[in-house]
Amino acid sequence: MIIFDKVTKRLGGKTVLNEVSFEVPRGETFVIVGLSGAGKSVTLKHMVQLMRPDSGAVRIGEDVISAARGAELERMRRRFGVLFQGAALLQWLSVFENVALPLRELTKMTPEEIEKTVREKLRLLNMEDSMETFPSDLSGGMQKRVGLARAIVMNPEIILYDEPTSGLDPVTSRLIDKLIENLRKELGITSVVVTHDLHSALAIGTRIMMIDGGKIVENATPEEFIESTNETVQRFLEAQYITRRGAWEKGMEQHV
Amino acid sequence: MIAPFKEIYRYIDLPIKSSRRLGRIIVLACHDMGNALIMLASATLYIRTLWKPRARYETAMQLYVTGIKSLGVITVVAFFTGMILALQTGLELRRFGQEVNIGTAVTVVMIREMGPFMTGLIIAASVGSAIAAQLGTMAVSEEISALEVMSINPNRFLVMPRLVALAVMMPILTVYTNILGILGGGIVGSTQLGVSFQAYLDNATRYAENKDLYVGLFKAFIFGIIISTVACYQGLSTIEGAVGVGRATRQTVIISFLMILIIGYMITRLFYI
Ligand SMILES: Nc1ncnc2c1ncn2[C@@H]1O[C@H](COP(=O)(O)OP(=O)(O)OP(=O)(O)O)[C@@H](O)[C@H]1O
Ligand SMILES: [Mg+2]
């Protein structure tokens, strides 16, 4: 349902994406991996037109989001929830107000309904106790979880996660993994996850794509991905001590 | 929304012929000016959403920050501006035995020119720079992007309350500056120049016209719009991390100062010639 059609993007004199084409099918958890600076965040930003391609197009189903403007763009963006790499919470609003913001601004919900919804989402992420805290008083991992609560509060059909588990302890990381997995299984939500953590990628992903040097070097199911003969992929796997099937399968059973 | 254009700035430093470079800088300046005006127009249109609770709250916050937080500096500056004016003109006027007229001199200069001018400079340096730094930090930490993705228009959510707050507060603060300045002048008059406070006030009210006051307040209103527009635009279009925030803040102060001087002169010309 998210389709990249020969997307090229140059930034700061460097070609970050070079005629990249791929498709994220509906209801899948699509994981994007790659080295730091490979263009993962840039790819994600193209999906909600925070960046526009220099050439090529990004479509959401039939809608060409890379060319949309005004009210049309707003309508398309409403289908998304986005977790930013740095959480991107508004610093002068409390945790509660941050998560409530989209509900207050975009819906006609009553204060009681808003309170209930926000509580529920924060409970999912074990953040209910910090409701009155301000983002600057939270750790990076806690901010991430609040950012995630805000991303899902409008019940979007597509959720983009930019490194949802980086900076989190392993236990909380698995909590997030489980949440993403549940959203897919129970609500059929399409997820695009950018991550460095291959263990979680293999555990939650239904497809894994690796970007390197502005090109897609691998786009496969998890099973195929670890068997990939591509050198870049192999080096990436080895760096995280994943060499054989057994290793990650055992990991996956424990995680999910 | 605004950010992509700023990417062009990266290329200014490329080794190109200086004549071309100048051309490019001019083109970019016009480009920025156009975008800033579009932002201003958009925020102005959103003033109709002011009655909504959220917007009301934000605007009240900005009014508070603008009005209360800078009151201390403004008090000192206004007082001393009046005192300096009184002393300088008083000493000159005494040579002609006209020192009783310092009332008029201080009042007219304060309400026509120095009141809005001094208030504008202080607000640009304190409030304007703070706005640019705050919005700039938001821009580089993707908070602006997050708002855009949530379909919360930054022009409505961030720019409009600041625009309203500054456009309302600048005239009010200017009245305050004027009063304190005139008082300061009166104190210098009675202690240093032998003009009684009563005579000073009589003289002050006799020659100053209502028009002077209105033009001064109109100036202050325009300065408020200028400062908020420059600060918000610089903030929202910040790129390149902490360095970018520093640059946005500096640019805000410099551009606001220049525009206050130039536009202030033009308004004076418009109404008095
Ligand atoms: N706004 C921008 N202006 C200029 N260059 C940019 C911009 N955003 C990203 N880049 C460049 O694009 C490249 C890819 O950046 P991106 O943020 O997508 O990396 P990433 O894969 O997300 O890395 P990380 O894992 O560290 O987050 C980098 O070389 C970066 O310097
Ligand atoms: Mg990134």
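1. Basis of the values. The model is predicted, so local features need pLDDT of at least 70 and side-chain atom pairs count only at pLDDT 80 or more, while totals for chains, interfaces and linings use all residues. Residues are numbered from 1 along each chain as its sequence is written, chains are lettered from A and ligands numbered from 1 in the order in which they are written, and side-chain values use heavy atoms, with hydrogens and water left out.

2. Domains of chain A. Chain A is divided into domain 1 (1-74 + 173-256) and domain 2 (80-155), with bounds from an automatic or database domain assignment. The centres of the two domains, taken over C-alpha atoms, are 25 Å apart. Contact (heavy atoms within 4.5 Å) involves 11 residues of domain 1 of chain A and 10 residues of domain 2 of chain A.

3. Area between the domains. Domain 1 and domain 2 of chain A bury about 800 Å² between them, and carbon and sulfur atoms give 86% of this area. Buried area here is the accessible area (1.4 Å probe) that two parts lose on being put together, summed over both. On the side of domain 1 of chain A, the greatest losses to domain 2 of chain A fall on A:V48, A:L175 and A:L179, together 49% of what that side buries.

4. The rule finds 0 salt bridges between domain 1 and domain 2 of chain A; a salt bridge requires a side-chain nitrogen of Lys or Arg within 4 Å of a carboxyl oxygen of Asp or Glu. There is 1 residue pair in polar contact, both at pLDDT 80 or more. A polar contact is a pair of N or O atoms within 3.5 Å; within protein, one must be able to donate a hydrogen and the other to accept it, and residues adjacent in sequence count only if both atoms are side-chain atoms. The side of domain 1 of chain A that touches domain 2 of chain A has 10 nonpolar residues, 1 polar and no charged. Ala, Val, Leu, Ile, Met, Phe, Trp, Tyr, Cys and Pro count as nonpolar, Asp, Glu, Lys and Arg as charged, and the others, Gly among them, as polar.

5. Interface of the chains. Chain A gives 26 residues and chain B 21 residues to the contact. About 2000 Å² is buried between chain A and chain B, 60% of it on carbon and sulfur atoms. In chain A, the residues that lose the most area to chain B are A:R77, A:W92 and A:E105, together 30% of what that side buries.

6. Polar links between the chains. Across the interface of chain A and chain B the rule finds 3 salt bridges. A:E105 forms a salt bridge with B:R156, with the closest N and O atoms 2.7 Å apart. Between chain A and chain B, 5 residue pairs are in polar contact, both residues at pLDDT 80 or more.

7. Residue B:L158. B:L158 is placed in helix 7 (residues 154-192) of chain B; helices are DSSP runs (H or I, at least four residues), numbered from the N terminus. With a relative accessible area of 0%, B:L158 is buried, where buried means under 20% and exposed over 50% (1.4 Å probe, protein chains only). Beyond its neighbours within four places in sequence, B:L158 is in contact with residues including A:W92 and B:L236.

8. Residue B:Y214. B:Y214 lies in helix 9 (residues 210-236) of chain B and is exposed, with a relative accessible area of 54%.

How values were computed:
Helix = DSSP H or I, 4+ residues; strand = E, 2+ residues; numbered from the N terminus.
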